[in-house]
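Here is a friendly walk through the model shown below. Keep the structure open beside the text as you read.

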Amino acid sequence: SMDLDAKKLLEVIAVHHAQEKPLTVTDAMGLKSIASPATILRKLDQLREFGMIDMVFEGKNRRTKYLVPTQAAHDYFDSVGKAMTEALTQH
């Protein structure tokens, strides 16, 4: 399962992607409010292994990898949203 740092990182990746400003790997490594660059790199690997993100190239630039949430990430956020809605309606 994903730990808190991986979840935070996934949220940031998803928000940037939804705003049509996808993060690069380099951008993500600069998110010091989440973790150190080395930890972020490990979390990116974990998110890829879990099938939550893809690293893609855009256009002819083969040096810059952009972080894109997968369908599994969208499904994860849907389930979290439903759980939060259920929790709120029970109180």
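Val80 is partly exposed, at a relative accessible area of 30%. On this scale, buried means under 20% relative accessible area, exposed means over 50%, and partly exposed lies in between, using a 1.4 Å probe and protein chains only. Val80 sits in helix H4. Its C-alpha lies 11 Å from that of Lys7, although Val80 and Lys7 are 73 residues apart in sequence.

This is a predicted model, in which local features need pLDDT of at least 70 and side-chain atom pairs count only at pLDDT 80 or more, while totals for chains, interfaces and linings use all residues. Residues are numbered from 1 along each chain as its sequence is written, and side-chain values use heavy atoms, with hydrogens and water left out.

## The whole chain

The protein chain holds 4 helices and 2 strands, arranged along the sequence as α-α-α-β-β-α. Helices (H or I, at least four residues) and strands (E, at least two) are DSSP runs, numbered from the N terminus. The C-alpha trace spans about 50 × 25 × 20 Å along its principal axes.

Of the 91 residues in the protein chain, 29% are buried. The chain exposes about 6200 Å², and carbon and sulfur atoms supply 53% of that area; accessible areas come from the Shrake-Rupley method with a 1.4 Å probe, and for residues only the protein chains shown count as cover. Among contacts between residues at least 6 apart in sequence, 51% join residues at least 24 apart, where contact means heavy atoms within 4.5 Å.

## Helix H1 and its partners

How do H1 and H3 (residues 37–49) pack, and at what angle? Their axes are 10 Å apart, at an angle of about 80°. That makes H1 roughly perpendicular to H3. Axes are lines fitted to C-alpha atoms, for helices over the stretch in contact, and angles run from 0 to 180 degrees between N-to-C directions. Angles under 35 degrees count as roughly parallel, over 145 as roughly antiparallel, 65 to 115 as roughly perpendicular and the rest as oblique. From H1, Asp5, Ala6, Leu9, Leu10 and Ile13 meet Thr39, Ile40, Lys43, Leu44, Gln46 and Leu47 of H3. By class, this contact has 7 nonpolar, 2 polar and 2 charged residues. Here Ala, Val, Leu, Ile, Met, Phe, Trp, Tyr, Cys and Pro count as nonpolar, Asp, Glu, Lys and Arg as charged, and the others, Gly among them, as polar.

Turn next to H4 (residues 71–89): its axis and that of H1 (residues 4–18) come within 12 Å and cross at roughly 105°. H1 is therefore roughly perpendicular to H4. Lys7, Leu10, Glu11 and Ala14 in H1 meet Ala73, Tyr76 and Phe77 in H4, a contact with 5 nonpolar, no polar and 2 charged residues.

## The hairpin and a loop residue

Strands E1 (residues 53–58) and E2 (residues 61–69) run antiparallel, joined by 5 bridges; two strands pair if DSSP finds at least two bridges between them. Met55 stands opposite Leu67 in E2. The two strands form a hairpin with 2 residues between them, and Gly59 in the turn has a positive phi of about 65°.

Most residues other than glycine have a negative phi. Glu20 is not a glycine, yet has a positive phi of about 60°. Glu20 lies in the loop between H1 and helix H2 (25–29) and is exposed, with a relative accessible area of 70%.
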